[in-house]
Amino acid sequence: MNLDLGPGECVGVSGPSGAGKTLLLRAIADLDPHEGEVLLDGVPARRVPPAQWRRRVGLLPAESAWWGERVRDHFRDDPAPGLGRLGLPPAALDWEVRRLSTGERQRLALLRLLENRPQVLLLDEPTANLDAAGRERVEALIAEYRGECAAGVIWVAHDAAQLARVATRRFRFEDGRLVAAADPAAPCT
Amino acid sequence: MHLIHLTPFDLALAALLVLALVPLSLRLRLEIARPLLIAALRTTVQLLLVGLVLKAVFANVHLLWIGAISLLMLLLAGREVMARQRRRLAGWWGFGVGTLSMFVSSFAVTLLALIVVIGPQPWYQPQYAIPLLGMLLGNTMNGIAIAMDRLTQEAWQQRAVIEGRLMLGQDWSRAIGDIRRDSMRGGLIPIINAMAAAGIVSLPGMMTGQILAGSPPVEAVKYQILIMFLIAAGTGFGTVGAVWAGSWRLFDERQRLRLDRLRP
């Protein structure tokens, strides 16, 4: 497969479970060995120190991982403004991680990722566990971030309607290949 | 001081006590009768063999002999470290990390103790060199086996956390840092507990053995303190080295977590 991603662009990727969507994101984030080549601003990943690459190419996995006791332990700076945008109170920083719901984890993981100000966002089902209001908030925050930082986004989701809302181009995994989806001219929010 | 020699009959009496456990095990269906008997048999045969070997070595003091025995002890200990891990590093690494760490720490500490602290003539006098190395290897082996087992097991179970940290731009060392620290602590806890309880809860085996063999208690205690310190140092350095090398091996040059380097 060959995929270009422009600044501020949002590419939607869908496909059946097990087709390789997550694998694609992990390969781009350089988490798995692969034979392809990924370039950012013309520079191959192998020429960039791995930690630096992953700060510039940020991956939000479908299930986020937490290691500290409290939410605050996972942030460098104060993410208070972002918390409000995602419908979370400032006190959320002091919440115990083990008490967080799946949806809260997902929203907080997005904020945590954006702290690095990545140039590329790789989103794996970023709203899978959210209600309609939460979904809207996440979509709006990512759209704003794209505009503000000219960040490219690869958005993996099963929800075709969501991809039609957020993506500038859409692809589907079919038989291990990435093919353009039926309606490539879907509007981008 | 007079040493009371034990006869085979004395040992047979002690063996009867072990045999007495067999009907109890059968009655309570503990299923340990067979392993218990095999272990008792192994103890007898292995220790008798070691006794014979040591007798021969003590009679012919030669550096080559000591070296050969030390190497054999090291290889057996390395194999034991490898066997005690549920998910060990694949290939030579599984054997090499533990064995090399034991070699560096145990041999270095034993040499230091022989040359600088005890100072027998010659420095490789087997009466001192072999028991010292044996105690150091045995304890370092335990520490490294516990620590490496914890490291590989935790890395396997906490893959999401390690990769989650990598995804946020942390380097490999920080991403696995908590697990590495826990593993090192786990390897050192037995010797810390042993030092803390020595003399109060338990009388260490080496000291007890020396006293039984006729040494003055104060001399036995001094040797025991020395041994405890040496074991703590050997286990500490060996565990830290093994865990560091093992965790390094779990990542590739692009700092990806490579659990495929562990045996399933």
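Two residues are taken to be in contact if their C-beta atoms, placed from the backbone, lie within 7 Å. The model is predicted, and local features need pLDDT of at least 70, side-chain atom pairs count only at pLDDT 80 or more, and totals for chains, interfaces and linings use all residues. Residues are numbered from 1 along each chain as its sequence is written, while chains are lettered from A and ligands numbered from 1 in the order in which they are written.

Where they touch, seven residues of domain 1 of chain B are in contact with eight residues of domain 2 of chain B. The domain 1 side of chain B contributes six nonpolar, one polar and no charged residues; here Ala, Val, Leu, Ile, Met, Phe, Trp, Tyr, Cys and Pro count as nonpolar, Asp, Glu, Lys and Arg as charged, and the others, Gly among them, as polar.

Helix packing comes next. Helices are DSSP runs of H or I with at least four residues, strands are runs of E with at least two, and both are numbered from the N terminus. Helix α4 (residues 92-118) of chain B and helix α10 (residues 217-249) of chain B cross at roughly 150 degrees, and their axes come within 9 Å. Axes are lines fitted to C-alpha atoms, for helices over the stretch in contact, and angles run from 0 to 180 degrees between N-to-C directions. α4(B) and α10(B) are therefore roughly antiparallel to each other, a label for angles over 145 degrees. Residues meeting in this pair include Trp93(B) and Val97(B) of α4(B) and Leu226(B) and Phe237(B) of α10(B). By class, the contact of α4(B) with α10(B) has 13 nonpolar, eight polar and one charged residues.

A second pair in chain B is formed by helix α5 (residues 126-157) and helix α8 (residues 177-197), which pack at an angle of about 150 degrees with axes 8 Å apart. α5(B) and α8(B) are therefore also roughly antiparallel to each other. Among the residues making the contact are Ile144(B) and Arg150(B) of α5(B), together with Asp182(B) and Leu188(B) of α8(B). The contact of α5(B) with α8(B) divides into 10 nonpolar, six polar and four charged residues.

Notes
Parallel < 35°, antiparallel > 145°, perpendicular 65-115°, else oblique.
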